[in-house]
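The sequence and the structure come first.

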Amino acid sequence: MSGNVFGSAFRVMTFGESHGPFIGLVLDGLKPGLPIDTDQIQFELNRRRPGQSSVVTPRKETDQAEIISGIFEGKTTGTPICILIKNRDQRPGDYRKLQHILRPGHAAYAFLQKYGIFDYRGGGRASGRETATRVAAGAVAKQILKNRGVEIIGFTQRIGDIEAQTIDLTEIEKNPVRTADRQAAVKMTQAILQAQQEGDSLGGVIEIRVKNCPAGLGEPVFNKLEADLAQLLMSIGAVKAFEMGDGFQASHLMGSEFNDAFYFDHKQKRFRTRTHHGGGVLGGISHGEDLIMRIAVKPPSSITKEQDTVDIQGNPVKLSIEGRHDPCICPRIVPVAEAMVALVLVDHILMQDRLSQGFSLTEIRDQIDVLDTQLLLLLAQRRNLIRKIAAYKAKNFRKIHDTKREEDKTKQWREQARALDIPEDLADSLLRSILADSHQLQGNILK
Ligand SMILES: Cc1cc2nc3c(=O)[nH]c(=O)nc-3n(C[C@H](O)[C@H](O)[C@H](O)COP(=O)(O)O)c2cc1C
């Protein structure tokens with residue numbers, strides 16, 4: 001099985017299955033010394049965990065992250081980060097009576113076609129359980145982004161036909177469906193419970209926004225930022241569509257309506273766009289506005305409502321799926337989607353860092369700081385030598401000023417400065433200050 005790894009500069013590999021002893025991940029590509037709060041990894045896992053409310057599966061998993069390597073005393077060590085999560089509440093027996101039945105909307109049939117293996121025990125690698133590893137990886141990525149001022153916020157925008165009408169980001173974590181509209185939250189919750197009572201399930205739409213996304217992320221051809229975002233978001237089980245900015249709606253607009261007009265923001269001293277139809281990317285590259293994207297989530301396939309299907313011999317069967325399933329995946333997909341966006345952004349940021357090695361403002365300033373320190377160290381060394389000369393002169397009764405030497409020195413200094421393209425004024429004033437300091441030092445010692 002391939003396709004378990006994502007990323008170029010920042011690589012993640014996930015492993016494990018829903019009914020094995022562990023699931024886990026390995027993250028590679030981070031430099032040492034980056035602060036990582038392991039409580040924050042657990043916090044994100046708790047947001048995705050089953051059994052957190054009445055509208056998600058009651059499977060009992062504590063999803064405790066075990067940090068195996070790569071983080072020591074709250075900082076990255078630069079070695080691969082490995083995190084394990086134990087599966088505690090596997091019940092493969094729940095699935096035994098389904099072992100010969102093709103479940104509509106379920107991945108098992110496609111797995112049979114591809115691998116010749118029919119794993120009836122609740123999804124294996126295709127299970128929503130695998131996404132716990134992605135959330136743990138995303139929690140590391142989110143902290144790297146936070147240190148750069150970047151924040152990712154996901155919320156349920158629609159469940160079934162019930163759409164959020166207002167967006168109040170402070171509401172998201174206060175309701176079980178993770179929507180940003182308090183009133184819609186009540187209706188959405190009722191709709192999910194109603195569908196569940198009827199033995200059915202519901203889909204919806206999740207919106208993800210990235211605040212303070214730096215400009216310049218994304219490559220112009222195969223790794224356009226939205227192409228990589230689409231890849232990871234579409235890799236989440238049950239996600240059926242992705243859109244950036246206005247997405248499909250853009251096809252209804254005229255160019256004059258869709259184009260995001262530029263202006264210069266004098267307060268922020270940067271160019272901005274008045275509207276955000278493009279979702280913050282142009283030519284596959286972020287341009288400094290917030291990113292806005294959405295994903296469509298299908299209604300989960302495991303439902304108790306009776307469905308017509310066949311067994312693997314092709315005989316008709318009436319199917320009602322028991323067991324512990326999500327009646328709507330949206331509330332649990334929100335943290336998974338945020339994690340996917342975080343992984344893509346960190347990967348692109350690290351690629352961009354490599355590209356601009358030595359060219360970014362911060363890096364150039366760092367180099368200047370190093371040179372300034374060297375200048376001061378050299379000056380300090382010079383002053384020590386002056387003190388030695390003064391001591392020598394005192395011992396040997398030599399006069400303080402050697403006019404001839406100073407004249408020669410000035411001549412030589414000017415010639416060297418000219419050759420190095422250093423302005424004469426600057427060279428002269430520097431030498432004057434240095435010589436004045438030397439005279440003072442010698443004078444003090446010889447007094
Ligand atoms: C967090 C999460 C929880 C999920 N829970 C369920 C579930 O309880 N029942 C179900 O049928 N599918 C569930 N799914 C969806 C399946 O994993 C998904 O439908 C399956 O992998 C097939 O992939 P596809 O729908 O993209 O074709 C869940 C997905 C996620 C991300």
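## A buried glutamate and a hairpin

Glu 289 counts as buried, because its relative accessibility is 2% and the cut-off for buried is under 20%. The model is a predicted one. Glu 289 belongs to the loop that runs between β15 (285-286) and β16. The side chain of Glu 289 makes a polar contact of 2.6 Å with the side chain of Arg 272. A polar atom of the Glu 289 side chain also lies 3.0 Å from the backbone nitrogen of Thr 273.

Strand β13 covers residues 270-273 and pairs with strand β12 (residues 262-265) in the antiparallel sense, over 4 bridges. Arg 272, which contacts the side chain of Glu 289, is the bridge partner in β13 of Tyr 263. The two strands β12 and β13 form a hairpin with 4 residues between them. In the turn, Lys 269 has a positive phi of about 55°.

## The sheet with β16

Strand β16 is part of an open sheet of 5 strands, ordered β9-β8-β10-β16-β11, with antiparallel pairing. At the edges of this sheet are β9 (162-163) and β11 (239-244), each of which pairs on one side only.

Within the sheet, β10 (residues 204-211) and β16 (residues 291-297) run antiparallel and are joined by 7 bridges. In this pairing Ile 208 stands opposite Met 293 of β16. Strands of a sheet pair through backbone hydrogen bonds, in either a parallel or an antiparallel sense.

## The sheet with β3

Another open sheet of 5 strands has the order β1-β2-β3-β7-β4, and its pairing is antiparallel. The edge strands here are β1 (5-6) and β4 (65-69), and each pairs on one side only.

Strands β2 (residues 11-16) and β3 (residues 22-28) run antiparallel, with 6 bridges between them. A hairpin of 5 residues connects β2 to β3. Strand β3 also pairs with β7 in the antiparallel sense, again through 6 bridges.

## The loop between β7 and α2

What lies between β7 and α2? Asn 87 has its place in the loop between β7 (81-86) and α2 (108-115), and Ala 107 is found in that loop too. Asn 87 is buried, because its relative accessible area is 4% and buried means under 20%. The side chain of Asn 87 forms a polar contact of 2.5 Å with the side chain of Arg 129.

Ala 107 is partly exposed, because its relative accessible area of 30% falls between the limits of 20% for buried and 50% for exposed. Ala 107 and Ile 162 are 55 residues apart along the chain, and their C-alpha atoms are separated by 28 Å.

## The ligand site

Which residues are closest to the ligand? The ligand is surrounded by 18 residues, and the closest are Ala 126, Ala 238, Lys 298, Ser 302 and Asp 326. By type, the shell divides into 6 nonpolar, 7 polar and 5 charged residues.

- Lys 298 has a side-chain N or O atom 2.7 Å from an oxygen atom of the ligand.
- Ala 238 places a backbone N or O atom 3.0 Å from an oxygen atom of the ligand.
- Gly 128 has a polar backbone atom 3.5 Å from an oxygen atom of the ligand.

On its own the ligand has 620 Å² of accessible area, and the protein covers 84% of this.

## Helix α7

How far apart are the end C-alpha atoms of α7? Helix α7 has 26 residues, numbered 330-355, and at 1.5 Å a residue should span 38 Å.

Is α7 mostly covered or mostly open? Of its 26 residues, 22 are buried, so the helix is mostly covered. An α-helix has 3.6 residues a turn, so residues three or four places apart point the same way.

Notes:
Residues numbered from 1 in each chain as written. Predicted model: local features only at pLDDT ≥ 70, side-chain atom pairs only at ≥ 80, totals over all residues. Heavy atoms only, no water. Expected span 1.5 Å × (residues − 1). Buried < 20%, exposed > 50% of the residue type's maximum accessible area, 1.4 Å probe, protein only. Near = heavy atom within 4 Å. Polar contact = N/O pair within 3.5 Å; in protein donor to acceptor, adjacent residues only side chain to side chain. Areas by Shrake-Rupley, 256 points an atom, 1.4 Å probe, with all protein chains shown as cover. Nonpolar A, V, L, I, M, F, W, Y, C, P; charged D, E, K, R; others polar. Pairing = 2+ DSSP bridges.
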